[in-house]
Amino acid sequence: MKNVRIWFKKDYECRYISHLDLNRAMLRALHKSKIPIWHTEGFNPHPFATFPLPLSLGFRGVNECMDVKLEDDNYSFEEIITRLNACLPRGIQVFKVTEAVMKAGKVAFADFTIRLSHPTTSTKTILAQVQALFDKEAIVIEKRSKRGLKEVDIRQGIRSYEIRECFDFVEMHLVLSAGSSDNLNPNLIIAALERETGLEYDADITRNDLYNSDFELFR
Amino acid sequence: MVSKEVERLLLKVQKPGRYVGGELNAVIKDKKQVDLRFAFCFPDTYEVGMSHLGMKILYSLFNSVDYIWCERVFAPWMDMEELMREKGIPLYALESGDPLSDFDFIGFTLQYELSYTNVLNMLRLGNIPILSRDRTELKNIVVAGGPCACNPEPIADFIDLFFIGEGEEVDLEVMELFRACRADGVSKAEFLRRCAEIEGVYVPSLYEVDYNDDGTIKSFTPKDGAPQVIHKRLMKRMDESFYPDNFVVPLVEIVHDRAVQEIFRGCIRGCRFCQAGFLYRPVREKSPEVIDAQCRALCENTGYDEVSLSSLSSSDYSRIVPLLERLTEWTGEEKVSISLPSLRVDGFTDEIMNRIKTVRKSGLTFAPEAGSQRLRDVINKNVQHDELMQTCATAFAGGWTTVKLYFMIGLPTETLDDVAYIAHLGQAVVDTYYNTPNHAKGKSVRVTVSASSFVPKPFTPFQWEPQDTIPLLHEKQAHIKESITTKKITFNYHDADTSFLEAVFARGDRRLCRAMELACERGFHFDGWSDCFDLSKWLEIFEECGIDPAFYANRRRSFDEILPWDHLDYGVSKAFLKKECEKAYGGETTPHCRLKCSGCGAAKYGEGVCFEKRQDMV
């Protein structure tokens, strides 16, 4: 039995499916591909797969991963890529299979590219609006939790940022806290910005890479 | 493939995965390379429509023809519809993202009457004029088929032509004719006239209806050489009939998210309330070899780990045990489970149970339909009380602890005593559980009793019957509730208001079209969903149009009245239906097709169960 990490992109139509739907699509693909994956041993056996860090609905993911247990230690990684891709829709495509080097729980940061635009606001103005938001010492938003609404400062979760003006959008590169303990969803930053300016932006969000707490690339 | 404009809306609506296409096995063609584009519209949400087998069959069949590109269209849910209207985005097909108005054919499948407003609403969202006469050119031909096409009259003004019966052949014949007509520069009117010559095609605009003073139909007159009677089409040999080896596999969860394998069409039983049981006569089976091969291909191509064997009454498949034996040879190893919906009470044997239990234990559902034996005989359900108890005991001994029981209220001749028997039957099942010595240890039993309201349907022996009024249905629902004394029984019932509207449309005539038109103008949609349905708004419309809905729903029709669907022939004679209705009043049952032929008329197709060797003949 070997733990392997399957790396894929989630884009196009598949941006719009939830994590639960992605999970089901992957299980069906694993089933169809007949790759020797370890199955759960309950009453309804199904392929066992876990996702180190689920991706929000609507985001593009260019470096997503899923962990499975391979029953045949010598099974070729190339074969996994070919077989799985034949069983997946075009919006989900596997490009790499590796051994799982780091434990899934080690994910601590994620970096994002966000393209922000608004139909009637110039990129210059948007740039200034974003800069003004990031210049604040605290960005307090209301977050819905199990115990009702609570106020959270999300500024702490933004580890670094770069902003630049492009032809018809403003591009942000953000490194945000990620993982099970302290996760910052970039949608919250956009919501905070919208609350400040009263505008509704079009945001195209891509998650690029994951990192551990020492800022090493998650592998 | 969706446009930038649509993408902007997607993050603002619930379950955006329904509006993007891009699923595994979706068919993408080059629109420049095809001659004819067909928009297959299901007048309900994606999750409901994608679960429908007929659509899967026709989608694959149409796309197997080189010159046709068939795409899928579903009704957007309310949030999406509102945004699309606001932004002026027309309804589009999922494969190309092109608007409805780009399509040569716009085809609807009519599965239930309450989806009619969605049909009109979808046309409107696609910027297609809803009235057939307002669409004058040879394009955007609006066609419809499916079970509700058996009484097409309430939507006759909107649909250019209806497919009567099974669509696999006739649909393609009409498309081929369209292609020829367009090449010759023929008008739409002439195209429709030529279509009427094809068996199984009904062109409503070629008929005039006159009414008597009492509101009943006086005459139904064809013009321009259209046939007096339109005969249904059917696939005679199921083994040779087209069946997809591939389904579009949805990205989001749908209602029936599994592979579906049709095992036969029709039903031998002849329950007197059941429209499908008469429309699809005679029974035509596929062979176990063909089913096995088709099942296997489907599972392999979709990746589904569950396959459902579909028919009107699965345990009536004549070779059910050999079939299950064959399937379980590979399903266990491939980790595929088999489900058998539509099991009859008298068809659930130890052997079947053990076969379907090997991989996954699904819930058990039975439909006794009526509580008392007397009433079950009236409706010709032919299920005995002891059989039901025996079956439940078998299931309980096999480890099941939940059973769902489906009933109808408002059946012809029903009294409050019959209704109370529904509760008694539920109680008897609970008692059976505790009397079964080897039932699951330490577990309680759950019995769900569901009661829907009877809706009289065309082409059934009860097509002349009045529906119970809404107050009477409410009284009966309350009576069941009061008669249940244990918490082990959960009682559900169906909203009587929706059943009433269903009854109006099921047996309505062309005068309802005006009401439909108004409903469309007022933005009615999703009548089948409690989120949207409001009977009082419909009653307002009926009043404005001078229509008395009770005339259609609650009136007893005389046997010699001309019914709005009398010009259609589904193979079962009116004389037979009348005889069955009279037998119902006497509580006299009719044996099923394999026991004895009762001469319904379907033998004229020369195939199927009518020509099987019967036990009494051997």
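1. Start with Pro43(B). In this predicted model, Pro43(B) sits in the loop that links strand 1 (36–42) to helix 2 (46–49) of chain B. Is Pro43(B) buried or exposed? Pro43(B) counts as buried because 29 other C-beta atoms lie within 10 Å, and the cut-off is 20 or more.

2. Next, who surrounds that proline? Setting aside neighbours within four places in sequence, Pro43(B) is in contact with Ala75(B), Phe108(B), Ser115(B), Asn118(B), Val119(B) and Met122(B). Have a look at Thr109(B) too: it is 66 residues away from Pro43(B) along the chain, yet their C-alpha atoms are separated by 7.3 Å.

3. Now move to strand 13 (residues 306–310) of chain B. This strand is mostly covered, with four of its five residues buried. Strand 10 (residues 259–262) of chain B pairs with strand 13 of chain B in the parallel sense, over four bridges. Within that strand 13, Val307(B) is the residue opposite Ala259(B).

4. Strand 13 of chain B also runs parallel to strand 14 (residues 337–339) of chain B, and three bridges join them. To find one of these on screen, pick Ser308(B): its bridge partner in strand 14 of chain B is Ser339(B).

5. Last, the place where the chains touch. How many residues does each chain bring to the contact? Chain A gives 22 residues and chain B gives 19. On the chain A side, the largest share, seven residues, comes from helix 1 (residues 19–33) of chain A. That side of chain A divides into 10 nonpolar, five polar and seven charged residues.

Terms used: Residues are numbered from 1 along each chain as its sequence is written. Chains are lettered from A and ligands numbered from 1 in the order in which they are written. This is a predicted model: local features need pLDDT of at least 70, side-chain atom pairs count only at pLDDT 80 or more; totals for chains, interfaces and linings use all residues. Helices (H or I, at least four residues) and strands (E, at least two) are DSSP runs, numbered from the N terminus. A residue is buried if 20 or more other C-beta atoms lie within 10 Å of its own, exposed if 12 or fewer, and partly exposed in between; C-beta atoms are placed from the backbone. Two residues are in contact if their C-beta atoms, placed from the backbone, lie within 7 Å. Ala, Val, Leu, Ile, Met, Phe, Trp, Tyr, Cys and Pro count as nonpolar, Asp, Glu, Lys and Arg as charged, and the others, Gly among them, as polar. Two strands pair if DSSP finds at least two bridges between them.
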